[in-house]
Amino acid sequence: THTPPGGSVVLTLTRGDGAVELTVADTGRGFEAGEAERLFRRFHRGGGGRYGLGLALLREVVTSHGGTVAASGRPGHGARFTVRLPQSAPSPPVSAERVRAWHGWRAAVPLSGRPRPVAGPGRPDRSRR
């Protein structure tokens with residue numbers, strides 16, 4: 001909704017200096033420089049647009065993982081959002097013998113709200129009572 005038809009959105013992912021950076025830039029209507037920090041407030045309205053919860057939740061998630069998120073833009077010249085997260089060490093490879101599937105039964109919750117068992121390995125189908 002912030003980029004008109006025919007506009008573009010470009011995603012860039014880079015890695016370096018112990019961090020991973022995701023940049024999303026668009027050719028939309030942009031925003032005033034002083035508006036950048038307020039965009040991350042819940043249900044912010046400004047610059048002719050509404051920003052709801054999305055950017056506020058994005059900031060909460062990113063900062064809870066030790067990262068940062070920033071915005072920049074100019075009216076009529078698009079916007080740029082940059083998410084920077086610390087790079088974690090690569091996970092060790094998992095060998096096939098270390099992976100073990102759990103076989104059991106699951107509970108399904110039908111629309112009535114009462115949980116009932118669901119057929120699974122070693123479990124009879126009781127859904128047709």
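This briefing describes the fold, the sheet, the helix and some selected side chains of one protein model.

The model is predicted, so local features are given only where pLDDT is at least 70 and side-chain atom pairs only at pLDDT 80 or more, while totals for chains, interfaces and linings use all residues. Residues are numbered from 1 along each chain as its sequence is written, and side-chain values use heavy atoms, with hydrogens and water left out. The secondary structure comes to one helix and eight strands, where helices (H or I, at least four residues) and strands (E, at least two) are DSSP runs numbered from the N terminus.

**Overall composition**

- Read along the sequence, the elements follow the pattern β-β-β-β-α-β-β-β-β.
- Of the 129 residues in the protein, 22% are buried; buried means under 20% relative accessible area, exposed over 50%, and partly exposed in between, with a 1.4 Å probe and protein chains only.
- Among contacts (heavy atoms within 4.5 Å) between residues at least 6 apart in sequence, 43% join residues at least 24 apart.
- The protein exposes about 9,900 Å², of which carbon and sulfur atoms supply 55%; accessible areas come from the Shrake-Rupley method with a 1.4 Å probe, and for residues only the protein chains shown count as cover.

**The four-stranded sheet**

- An open sheet of four strands has the order β1-β2-β6-β5 with antiparallel pairing, two strands being paired if DSSP finds at least two bridges between them.
- Because β1 and β5 stand at the edges with a single partner strand each, one side of each is left without a neighbour in the sheet.
- Neighbouring strands of this sheet are turned by 15° against each other on average, direction ignored; axes are lines fitted to C-alpha atoms, for helices over the stretch in contact, and angles run from 0 to 180 degrees between N-to-C directions.
- Helix α1 (residues 54–64) packs on the sheet, where the helix touches β5 and β6, and its direction makes about 20° with that of β6.

**Strand pairs and hairpins**

- Strands β1 and β2 pair in the antiparallel sense over eight bridges, with V9 standing opposite D26 in β2.
- The hairpin formed by β1 and β2 has two residues between the strands, and D17 in the turn has a positive phi of about 55°.
- Strands β2 and β6 run antiparallel and are joined by seven bridges; the bridge partner of V24 in β6 is F81.
- Strand β5 (residues 68–73) pairs with β6 (residues 79–86) in the antiparallel sense over six bridges, and the bridge partner of V69 in β6 is V83.
- In the hairpin of β5 and β6, five residues lie between the strands, and G76 takes a positive phi near 80°.

- Leaving aside its neighbours within four places in sequence, F40 is in contact with L55, A56, R59, V69, A70, A71 and F81.
- The C-alpha atoms of F40 and A56 are separated by 4.5 Å, although the two residues are 16 residues apart along the chain.

**Salt bridge and nonpolar surface patch**

- The structure holds one salt bridge, defined as a side-chain nitrogen of Lys or Arg within 4 Å of a carboxyl oxygen of Asp or Glu.
- R84 forms this salt bridge with E21, the closest N and O atoms being 3.2 Å apart.
- The pair links distant parts of the chain, with R84 in strand β6 and E21 in strand β2, 63 residues apart.
- R84 is partly exposed, with a relative accessible area of 31%, and E21 is also partly exposed, with a relative accessible area of 24%.
- V9, L11, L13 and L22 form a nonpolar patch on the surface, with about 410 Å² of accessible area together; patches are made of residues with over 30% relative accessible area and no salt bridge, like charges being joined within 9 Å and nonpolar side chains (Val, Leu, Ile, Met, Phe, Trp, Tyr) within 5 Å.
- Strand β1 (residues 9–16) gives the most to this patch, with three residues, while L22 is found in strand β2 (residues 19–26) and counts as partly exposed at 34% relative accessibility.
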